[in-house]
Structure formats: C-alpha cells, structure tokens
Amino acid sequence: MQALGTTLTASDEAISMAAEYLRDGRLVAFPTETVYGLGADARNDDAVARIFAAKDRPSFNPLIVHIADLAGAETLGAFNNLARSLAERFWPGPLSLVLPRLPGSGLSLLVSAGLDTVALRVPAHPLAQDLLARFGGPIAAPSANRAGEVSPTTAAHVADSLGDAPDLILDGGECTVGLESTVIDLCGARPAILRHGAVTREQLEKILGPIEDASVPDADQKPRSPGQIAKHYAPSIPLRIDVSDIRPNEAFVAFGEPPKGDATIVRNLSPSGDVVEAAARLFATLRELDRPEYAGIAVAPVPETGIGRAINDRLRRAAAAHKD
Ligand code: TXA
Ligand code: MG
C-alpha cells in the first residue's frame, strides 16, 4: 500500500482501512462522482462535530448524509412516492433529497444542524459505493474544503485545503462530474431546488412537474437551505463573469471559442463548447488560476442550459463574493 502522508491511493486495503477509521470516529476524505467529501460516521456526534471544526463550517449549515442504497435511505428519511420515484430514477447519482428526518434514524442531530429534515444521497462513484458497503452505515460528508473555498475535485485539492485535518484521504483520481450534487427539497407543499447541479431542473420536472427554484433566495426571503447564506465557491482574487473584453493581467477562462485579443493566460473549459466537460474542469481551473500574480479571473459566457445552469450559479456566487 502506497502511503503519502495521509493520502492513500485507493486499493482494497486502503478502503478497508478507511471503513475502520470511520468506525473509530475519524475523518476520511473520499471521492464521489461530484466532488471529494469529508466523511464521518453520521451517527457519531463527536465525529460529526470534528467535520465542522475541520472545515471551519458554521454549525447552522447541515450536512449531506451518504448511504449505500434506497433501502438504507428509507431508514433515515420519510420517503413519499415522489421521493421514491426520484431515488429510483437518479440514484446512485448526483442528487440529494431533503426529506423529513425519521425519529428513529439514529443520526447525530448535528448533521441536520437543528432542522427536522435530512439531506440524503446515494453516490455513484465506485469507491464511495465500496466504502459505504464496507462501513455499513450512513456517512455524513460535506465537500472536503474549508468553508468558503471552491470544492475539491482531486485528492491534492483536499490536502491543499484541509492539510492534515482528515485522518485519511482516499485518492481516487479526478471527479467526473466536478460540481456538487443537485439539492431538492421535498418537504414543502411544492418541490424546490435548493442547489443546481448535474441532475438538471428539466430532468427533475419530467418526474415532478413544475418545480420552484429556491436556489437564490429573494432579498426579503429566508433562505431555504442554510448553505445559501454562507459565503461560497470563492477564489481569493476577483472574478468577473460573462466577459468579452479581457483587462490587463487578468487570467481568462474561455468556453468554446478562444479569446480574440491577447491574454496573460488562457484556460479553456471546453474547446468544443460542451457544458458537461466544462463542469468537470471548472473548479480545478479556478484553483489553478487563483494566484496573486493575476489581477483577477475573467470568465467567458457559459450557456444556461443543462448543467450550464449549475456552472453559472457557482460562477455568480464566486463573482459576488468580492462585491461585499
Ligand atoms: O455533491 C455533493 O453534494 C457533495 C458530495 C461530497 O456529496 N457534498 C456537498 O456537501 O456538496 P456540502 O455540505 O458542501 O453542501 C451541502 C448543501 C449545503 O448547501 C447545505 O446547506 C444543504 O446541502 N443541506 C444539507 N442538509 C440540508 C437540509 N436538511 N435542508 C436544507 N439544505 C440542506
Ligand atoms: Mg460545500
């Protein structure tokens, strides 16, 4: 087994060790198809509290609970028929369902941060699946970055962001989706999207009919998802979106066409103009360009179609982070 500090290349042994660590109440960062998660036993208060401490995450912001399958999820949250249809269609996959939390779930109250609901997800990544199967219980796992930073899509991003806070980082290579899961709230009178992601609104509406977009709360409205008020997805240098004119010394992020004029440095999210490819590259690109020698990051327009909506959502938040 190859051990590099706390990072282990995924192997049979490494995954068994990770499951053992989780049973001992330790923190394990692991890959999912969306982004890397910082996992702990969701039933262990101390372990869950350590996640909040490691990320410096506000304690009012609840965590997503990962579970091996729908049958397991049904022991944690109250599924109605719609919830079951969504789970059957999109699990395993990048969709988190916010449901009423079952009284006998055994989950730490901390994962719900005081709410009577719980966000549940069955991840598709084979390594996450393997870890969940060997651990045999629910894993609470937010994205494995310090609060306010861009989510990690490689094991190296996790180490850069969290240092040695995870007891173990399982390295499973790059995440294929590259953006966090779609979060849908099924607790209200109407289903509401709390966060855009790889499962698109159009896909969800095929099953649910018209759904509310609660991903950007109105100024006078209380946010439906506590994560929406936390500062999010922010590089440390300024970021501009929908850019056609590059300013001096800005790093340029293209989509499709390369820029016309000169640019200090250019990265193209997808030369062929594919939003799925762009999503997979977005966070790694922002991390790479987030350097003090650039005046800022300028991003070309990305179409608001499919996962493009989730890309633009993350970019708008990153751009807004520098306005206040
Ligand atoms: O793709 C993902 O979802 C990744 C991977 C690791 O699964 N996880 C992730 O977790 O992005 P995190 O904690 O970074 O984001 C979870 C989002 C937050 O905005 C949080 O406020 C919201 O989900 N959330 C969690 N539980 C909730 C609940 N009970 N009600 C409303 N929103 C909830
Ligand atoms: Mg996060």
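I will start with the open sheet of 4 strands, in the order E13-E16-E14-E15, where the pairing is parallel. Strand E13 (239-240) and strand E15 (265-268) are the edge strands, each with a single partner strand, so one side of each has no neighbour in the sheet. Two strands pair here if DSSP finds at least two bridges between them. Helices (H or I, at least four residues) and strands (E, at least two) are DSSP runs, numbered from the N terminus.

Before going on, what we are looking at is a predicted model, in which local features need pLDDT of at least 70 and side-chain atom pairs count only at pLDDT 80 or more, while totals for chains, interfaces and linings use all residues. Residues are numbered from 1 along each chain as its sequence is written, chains are lettered from A and ligands numbered from 1 in the order in which they are written, and side-chain values use heavy atoms, with hydrogens and water left out.

Back to the sheet. Strand E14 (residues 250-254) runs parallel to E15, and 4 bridges join the two. Val253 has Arg267 in E15 as its bridge partner. H8 packs on this sheet and touches E13, E14, E15 and strand E16 (296-299), with a direction at about 170 degrees to that of E15. Contact means heavy atoms within 4.5 Å. Axes are lines fitted to C-alpha atoms, for helices over the stretch in contact, and angles run from 0 to 180 degrees between N-to-C directions.

Now the helix pairs. Two packed helices are described by the angle between their axes and the distance between the axes.

What does H8 meet in H9? First the geometry: the axes of helix H8 (residues 275-289) and helix H9 (residues 308-320) come within 9 Å and cross at roughly 30 degrees. H8 and H9 are therefore roughly parallel to each other. The cut-offs are under 35 degrees for roughly parallel, over 145 for roughly antiparallel, 65 to 115 for roughly perpendicular, and oblique for the rest. As for the residues, Val275, Ala278, Ala279, Leu282 and Phe283 in H8 meet Gly308, Ile311, Arg314 and Leu315 in H9. By class, that contact of H8 with H9 has 7 nonpolar, 1 polar and 1 charged residues. In this scheme Ala, Val, Leu, Ile, Met, Phe, Trp, Tyr, Cys and Pro count as nonpolar, Asp, Glu, Lys and Arg as charged, and the others, Gly among them, as polar.

The next pair is helix H4 (residues 81-90) with helix H7 (residues 201-208), whose axes come within 10 Å and cross at roughly 130 degrees. H4 and H7 are therefore oblique to each other. Leu82, Ser85, Leu86, Arg89 and Phe90 in H4 meet Gln203, Leu204, Ile207 and Leu208 in H7. The residues of this contact of H4 with H7 divide into 6 nonpolar, 2 polar and 1 charged.

Then helix H1 (residues 12-23) packs with helix H5 (residues 126-135) at an angle of about 50 degrees, their axes 9 Å apart. That makes H1 oblique to H5. From H1, Asp12, Ile15, Ser16, Ala18, Ala19, Leu22 and Arg23 meet Leu127, Asp130, Leu131, Arg134 and Phe135 in H5. The contact of H1 with H5 divides into 7 nonpolar, 1 polar and 4 charged residues.

On to other strand pairs. Strand E9 (residues 168-171) is joined to strand E2 (residues 7-9) by 3 bridges, and they run parallel. Thr9 has Asp171 in E9 as its bridge partner. Strand E3 (residues 28-31) also pairs with E9 in the parallel sense, over 2 bridges, and Ala29 has Ile169 as its bridge partner there.

Strand E10 (residues 182-185) and strand E11 (residues 192-195) pair in the antiparallel sense over 3 bridges. E10 and E11 form a hairpin with 6 residues between them, and the bridge partner of Asp185 in E11 is Ala192.

Last, the backbone. Most residues other than glycine have a negative phi, and most peptide bonds are trans. Where is the cis peptide bond? It joins Trp91 and Pro92, with omega about -10 degrees. Pro92 lies in the loop between H4 and strand E6 (95-100). Asp56, which is not a glycine, has a positive phi of about 60 degrees. Asp56 sits in the loop between helix H2 (45-55) and strand E5 (64-66).
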